[in-house]
Amino acid sequence: MKEKILVTGGTGFIGSHTVVELQRSGYEVIVIDNLSNSKVEVIDSIAEITGIRPAFEELDCLDEAGLEDVFSKYGNIKAIIHFAASKAVGESVQKPLLYYRNNIVSLINLLELMPKYDVKGIVFSSSCTVYGQPDVLPVTESAPIKKAESPYGNTKQINEEIIQDTVKSGAPIQAILLRYFNPIGAHPTALIGELPNGVPMNLIPYLTQTAIGIREKLSVFGDDYDTPDGSCIRDYINVVDLAKAHVIAIDRMLGNKQKEKVEVFNIGTGKGLSVLELIRAFEKTTGVKLNYQIVGRRTGDIEKVWANPEKANKELGWKAETSIEDTLLSAWKWQQRLREKGIQ
Ligand code: WQD
């Protein structure tokens, strides 16, 4: 067995796919999650995919004593991948203090414990949200960080600064910040995927729930933007490709290959797709006609963003490989599996 990796938020959408890839790469994984936005059955699904059941502790990262118990119980945790966070942009506007406490204090708890238990480093789940609406596209890691459009986005910016300042203070830790674009899709086995609580905020789960009949129609939030077809543009990245980037980051960190104590990478495809283009791609790939309606803009949405992923391509040797068609098909297969299992 390779080293032990702690994955916070490991029963979540990106976390669960990353646990699978870590195990496939030979790492021993310990998952902690407070199950506020995921189900413990995900651990069974991970075991079904890889044949290895990860250790699981139901725990909130705000519980510092509980966290310390995990570090001492498992001993010799070499690195952390920190996914656990509240992540609904709209909800963060309604409940800012919940977001600031949960997302920021959780990180501080981890950073304080790391030196005490010889944890070498942390891979942090950041977001292209930190760029706001970039002035230049595609956006590179050296693009200016703009004022966040939501408390959620602000917690990502603040957490990046907390990590930078902690390392700069001389703490014996290092970090890799991965700025995701829009993660979508599901595992090809359809055993794990995106499983939002309640009404989905994000586009793809709402789209597939509309396609299967759970939702009556998909609202397209605006077609009067300054884009070719008027709808917003995003960089949609396959969740398995994204998960693989985390394993490469861990390999790099534990293999002493980092060039700086804190490294930042955009994890995106480098290709922008509009909402209407995505709908057309879904219909073409699945043969399912989608019922949608253009409505007004959603507050806080930025117009267009897509990554310049060259740094990750060159430095990490990572590249998004899965086509948008296969990614949309995986999301659709997952939605059909949920229906078969009577989950949605
Ligand atoms: C994508 C596009 C919407 C729903 C946010 C966070 C990001 C990450 C992903 C957590 C936009 C449009 C959406 C719908 C629509 N967060 N849309 N109808 O806002 O780009 O990114 O979620 O991991 O950090 O910022 O993602 O999927 O909500 O929206 O037209 O019912 O789809 O306007 O243009 P977003 P999204």
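This is a predicted model: local features need pLDDT of at least 70, side-chain atom pairs count only at pLDDT 80 or more; totals for chains, interfaces and linings use all residues.
Trainee: How many residues surround the ligand, and which are the closest?
Mentor: The ligand is surrounded by 19 residues, and the closest are Asn-202, Leu-203, Ser-219, Arg-234 and Asp-301. The shell divides into 10 nonpolar, five polar and four charged residues.

Trainee: Which strand gives the most to that shell?
Mentor: Strand 8, residues 218-221, gives the most, with four residues. At least three residues of the shell come from each of domain 1 (4-185 + 236-267) and domain 2 (203-234 + 270-340).

Trainee: What lies 2.8 Å from a nitrogen atom of the ligand?
Mentor: That is a backbone N or O atom of Ser-219. A polar side-chain atom of Asn-182 is 3.0 Å from an oxygen atom of the ligand, and a side-chain N or O atom of Tyr-152 lies 3.2 Å from a ligand oxygen atom. The ligand taken alone exposes 690 Å², of which the protein buries 90%.

Trainee: Turning to salt bridges, how many are there?
Mentor: The count comes to 19. In one of them, Glu-57 pairs with Lys-73, with the closest N and O atoms 2.6 Å apart. The pair links distant parts of the chain, Glu-57 being in strand 3 and Lys-73 in helix 3, 16 residues apart.

Trainee: Is Glu-57 buried or exposed?
Mentor: Glu-57 counts as buried because its relative accessibility is 18%, under the 20% limit. Lys-73 counts as exposed, at 57%.

Trainee: Which residues are linked in a network of salt bridges?
Mentor: Arg-252, Lys-259, Glu-263 and Glu-315 are linked in this way.

Technical notes:
Residues are numbered from 1 along each chain as its sequence is written. Side-chain values use heavy atoms; hydrogens and water are left out. A residue is near a molecule or strand if one of its heavy atoms lies within 4 Å of it. A polar contact is a pair of N or O atoms within 3.5 Å; within protein, one must be able to donate a hydrogen and the other to accept it, and residues adjacent in sequence count only if both atoms are side-chain atoms. Accessible areas come from the Shrake-Rupley method with a 1.4 Å probe; for residues, only the protein chains shown count as cover. Helices (H or I, at least four residues) and strands (E, at least two) are DSSP runs, numbered from the N terminus. Ala, Val, Leu, Ile, Met, Phe, Trp, Tyr, Cys and Pro count as nonpolar, Asp, Glu, Lys and Arg as charged, and the others, Gly among them, as polar. Domain bounds come from an automatic or database domain assignment. A salt bridge is a side-chain nitrogen of Lys or Arg within 4 Å of a carboxyl oxygen of Asp or Glu. Buried means under 20% relative accessible area, exposed over 50%, partly exposed in between (1.4 Å probe, protein chains only).
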